[in-house]
Amino acid sequence: MDLNYTAEEQAFRAEVRAFVTTHLPADISAKVKGGKRLAKDDFVRWQKVLHAKGWGATMWPQKFGGTGWSAVQQYIFEEECAEAGAPLQLPFGLRMVAPVIQAFGSKGQQEHFLPRIVDGSDWWCQGYSEPGSGSDLASLKTRAERQGDHYVVNGQKTWNTLGQYADWIFCLVRTSGEGRPQEGISFLLIDMKTPGITVRPIIMNDGEHEINEVWFEDVKVPVQNLVGEENKGWTYAKFLLGHERTGIAGVGRSKAALHHLKEIARQETSAGRPMIEDQRFRDRIAQVELELMALEITNMRVLSAEKEKKAPGPEASILKIKGSEIQQTIAELQMQAMGHYALPWLPEALDPAWPGKPVGAGYAAPLSGHYFNYRKTTIYGGSNEIQKNIIAQMILGL
Amino acid sequence: MDFNYTDEQNALRDTLSRYIVKDYPFEARRALAKSADGFSREHWKQFAELGLLALPFPEDFGGLSVTGGNAVDTLLVMEAFGRGLVLEPYLSTVIVAGGLVRDAGSAAQKEALLPAVAGGERMLALAHFERGARYEVSRVDTAAKADGGGWKLSGAKGVVLGGGSADTLLVSASTGKGLSLFLVDARAKGVAVRNYMTQDGARAAEIALDNVAVGADALVGPEGGALPLIERALDYGIAALCAEAVGIMAALNEATLEYLKTRKQFGQAIGRFQALQHRMVDMVIATEQSRSMAMMAAVKADSADAAERRRAVSAAKAYIGQQARFVGQQAVQLHGGMGVVDELNVSHYFKRLTMIDLTFGNTDHHLGLFSDMLLAA
C-alpha cells in the first residue's frame, strides 16, 4: 500500500495538465471560475476538444472508445480539469446511459449511440423521476404500449436536468402492470424531436432554468430503441444509478471549490483582518477540508476496488453521501465568507457578456445562488436517505 | 498509488487476527488488566516470537524492517491490537521510544537497546509530556545540568505511557542549548515512578526526577536538537493510535450490527427500524472515512517532509477523534443498557477510543494545528 503518486502517475498528471491548460478555451474557464452561466455550446466545445485528444470518455473501456484509464488516472484527470476551470462533462450520456448501453444494449445501439456520445454529437437527458415517483421510483406510471413495431409512450417525467438542450432522453417506462412494480419497467431511448414531447422549464431556487418537466403524449418510439429486454428495465436502472453515484462524489471539483473558498476568505475582511485569520471561520474551513481529505482516499479505494469487480457496488453510496454533504458545506462557507455582501441578487451578473459593475467583490454574485441550488445534491441521484437504505440493506443486511 | 497490501503484509494480518481471536479473548484480557503488571509477559514473549517487536527496526539491529520503519506494517499491527484491546505496551516501547532510538540514537545506543527490544527483553518509554504543558510538545520544564562529564536531570513527567514497566526511559530535558533527550535507567537513584491504571485498563506513570545522574553517553541525538526528533516519534505514535482506533471502530460496528440483528423489541429485530439502520450506516461511513485517514497518516508518517507529515498526522488525529467519538457513543446507544455495563466489551472499546482521543493531543488540539496551517498555505 502506498498513497503517494508513483513517478508514472506524476508524469501522467503533468501530461494531463499540459493538455488541459493549453486546450481548454480561455473564455470557458473564465466562465467556470467566475461562476457564470454556461451555454450548451460551452459544454459541447469542451467535449469535442477532449474527444479530439482521445480523452472523451475516461471512464469507458477502450473497446467502446474510452481511454480505459485506471481509477487513479481518472481521478487525476478529474482533479486537473476542475483545477483548470473546465466545465463538468455532463454525466447523462457518458456516465449514465452509456454504461447501460455497453452492458445491456444491442450491437446496433452500441455502434450508433456510443460514438455520438463521446464526440459530443448527442446531448442526453434523463427520464427517471415523475411527480408521483421520486424516492419510490419503481412506482412510476409513464406507460409504453407496444403497437406493432413501436411503443406509444404517455406520461410525465420531472427533475429533468438540461433537457432543454437534449437530443435524446433515456426513460424508464411501464410496460406491464403485472407482478411487483419493479417487474413491469422497461428502459427506452427516445429522440427528443419525436412529436408529442413537450419540455417545460422548472425555475430553481437560484432563479435559473436548469431543470424541466417533460410530457409525453402518444410519443411513438421504435422498438429497436428498447434497451435489453422488455420489463427488465429496473435492473438496468439500478445499474445506471450505481454508475451515477460513482461519479457523483466530485472530489476534484470540491478541491477546486475549497481552493476558491480559501481565496475568498483571504480577500474578505472582518474587523480589518482577512476572514482566514478569524479562527472560528478558519476552523470551519479546516473541518470540511478534513472531510474532503478522507473522501479523496475513500473515493480512490472504492473506485480501485470497483475496477477489479467491473461494476459499482453499494459502496458507491458512501461516496454519494459524503461527496454531496461536502459540496454543500463548501458552498455554504463560500456564501458565509461574504457576510452581508451575500445578500445582493444580480442574476444579470451571471451573464458572461454583462458589462455592469458588480456589487461588492466580483466573485460574490454566484455564491448565494450556488448555496441554494446545491441543496439539490443530497436529494438527487437517490436522496441521501435512500443511499442509507441501500447501504443498510445491501452491505449490512439489515 | 496502490491500495493493496503486500503478500507479507496480508500474511501478517492473518497471523495477527488469528492471534487476537485465539489467544487474546476478552475475559482473559480483563483479568490481565487487573494483574500486577497490567499486561502479560507471556504475550510479550509471543509478540517477540512473531517478530512484532522487531517490525520497525533495521536488520542491522535485530529488526525485520528493510525500509527502516514502514508505518503500514505498524498500521496492521495496531488495527489488530485495537480489535483485541491489547494491553501490552507496544505503542510506548516499540513505536514511540523504539522509533526514537532507531531514528536518533548513536550506533552504540541502537546496539545496546534495539536488539533487546526486538527480543522482548527490554521495555522503553518516552517520558516527555508534563502537566503544565498539556499537549504542547516544545514545552518542557525538566532541566538537565552539565555535571562533570555527564548530566543531572530534575523535573516531573506526567502520564508516561508504559512508564511503570519500562526498563529504560527516554527523558526530555532542557539544557542551555535547548530541548535534549537522555537515556535514563528506570531504577537509577533519584527516579521515582508512580504507576497507575488508566481509564481503559492500560498503565501509565508519574515520574519524578530528582538530580538523576547520567553519563555523557546518555544523550540521544544532538544537544538542543531533540524537538524535531520527539515530534517525529510522536507522529509515528499518532499514526499508530489512529490505526488502533480504526480497529476498535470496526469491531464496535460488527458488535453493534450483530446486536441490531438479534435484539428483539416490539416483536421484531431492532435492526428493522429505519432510525437505527441509518445510525448504523453513519457509523460504517465514519469508520471507512477514518480508515482512509489512518492509511494516509501511516503513509505520510514515513515522509521525509516534516511539514507534510505533521499536516497529515494532525488531520488524521483530529478527524478520527471526532469519528471515533461518534462511533463509540452510538455503539453504546444502540446497545441500550448493555452498552453501559462493564461485563460487555462495548464499554471497554468505548473507553479505549475515548482515551486514544486524549492521548498525544486531542481533537481540538490537532484541529487547531491543522487549521493554523491554513494560514501558511
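How do the axes of helix α1 (residues 7-23) of chain B and α4(B) cross, and within what distance do they come? Here are my notes; keep in mind that this is a predicted model.

1. Let's take that opening pair right away. The axes of α1(B) and α4(B) come within 9 Å of each other and cross at roughly 15 degrees. Angles under 35 degrees count as roughly parallel, so α1(B) is roughly parallel to α4(B). The crossing itself is right-handed.

2. Who does the touching in that pair? On the α1(B) side you'll find Gln9(B), Leu12(B), Arg13(B), Leu16(B), Ser17(B) and Ile20(B). Facing them from α4(B) are Val72(B), Asp73(B), Leu76(B), Val77(B), Ala80(B), Arg83(B) and Gly84(B). Sorted by type, the contact of α1(B) with α4(B) has 7 nonpolar, 3 polar and 3 charged residues.

3. Now turn to the other partner of α4(B). Helix α4(B), residues 71-84, also packs with α7(B), this time at an angle of about 40 degrees and with the axes 7 Å apart. That angle makes α4(B) oblique to α7(B). Again the crossing is right-handed. From α4(B), the contact includes Leu75(B), Met78(B) and Phe81(B), while α7(B) brings, among them, Tyr236(B), Val246(B), Ile248(B) and several alanines such as Ala239(B) and Ala243(B). The tally for the contact of α4(B) with α7(B) is 14 nonpolar, 3 polar and 3 charged.

4. Helix α7(B) deserves a paragraph to itself. Is it mostly covered or mostly uncovered? Mostly covered: 27 of its 37 residues are buried. At 1.5 Å a residue, α7(B) should span 54 Å, and its end C-alpha atoms are 54 Å apart, so the two agree.

5. Next comes α7(B) with α8(B). Helix α7(B) covers residues 226-262 and helix α8(B) covers residues 274-301; their axes come within 9 Å and cross at roughly 160 degrees. The two are therefore roughly antiparallel to each other. This crossing is left-handed. The residues in contact between α7(B) and α8(B) divide into 20 nonpolar, 4 polar and 2 charged.

6. How many residues of chain B are in contact with chain A? There are 30, and they meet 31 residues of chain A. The elements giving two or more residues to the chain B side are α7, α8, α9 (306-334) and α11 (363-376). Helix α8(B) gives the most, with 13 residues. By type, the chain B side has 21 nonpolar, 7 polar and 2 charged residues.

7. Finally, two backbone spots to look at. Most residues other than glycine have a negative phi. Asp218(A), though, has a positive phi of about 50 degrees although it is not a glycine. You'll find Asp218(A) in strand β7 (residues 209-222) of chain A, and it is exposed, with 11 other C-beta atoms within 10 Å. Arg134(B) also has a positive phi, near 55 degrees. Arg134(B) lies in the loop between β1 (124-127) and β2 (143-147) of chain B. This arginine, Arg134(B), is exposed too, with 12 other C-beta atoms within 10 Å.

Definitions and conventions:
Residues are numbered from 1 along each chain as its sequence is written. Chains are lettered from A and ligands numbered from 1 in the order in which they are written. This is a predicted model: local features need pLDDT of at least 70, side-chain atom pairs count only at pLDDT 80 or more; totals for chains, interfaces and linings use all residues. Axes are lines fitted to C-alpha atoms, for helices over the stretch in contact, and angles run from 0 to 180 degrees between N-to-C directions. Helices (H or I, at least four residues) and strands (E, at least two) are DSSP runs, numbered from the N terminus. Angles under 35 degrees count as roughly parallel, over 145 as roughly antiparallel, 65 to 115 as roughly perpendicular and the rest as oblique. A crossing is left-handed if the near helix is turned anticlockwise from the far one by less than a right angle, and right-handed if clockwise. Ala, Val, Leu, Ile, Met, Phe, Trp, Tyr, Cys and Pro count as nonpolar, Asp, Glu, Lys and Arg as charged, and the others, Gly among them, as polar. Two residues are in contact if their C-beta atoms, placed from the backbone, lie within 7 Å. The expected span of a helix is 1.5 Å times one less than its number of residues. A residue is buried if 20 or more other C-beta atoms lie within 10 Å of its own, exposed if 12 or fewer, and partly exposed in between; C-beta atoms are placed from the backbone.
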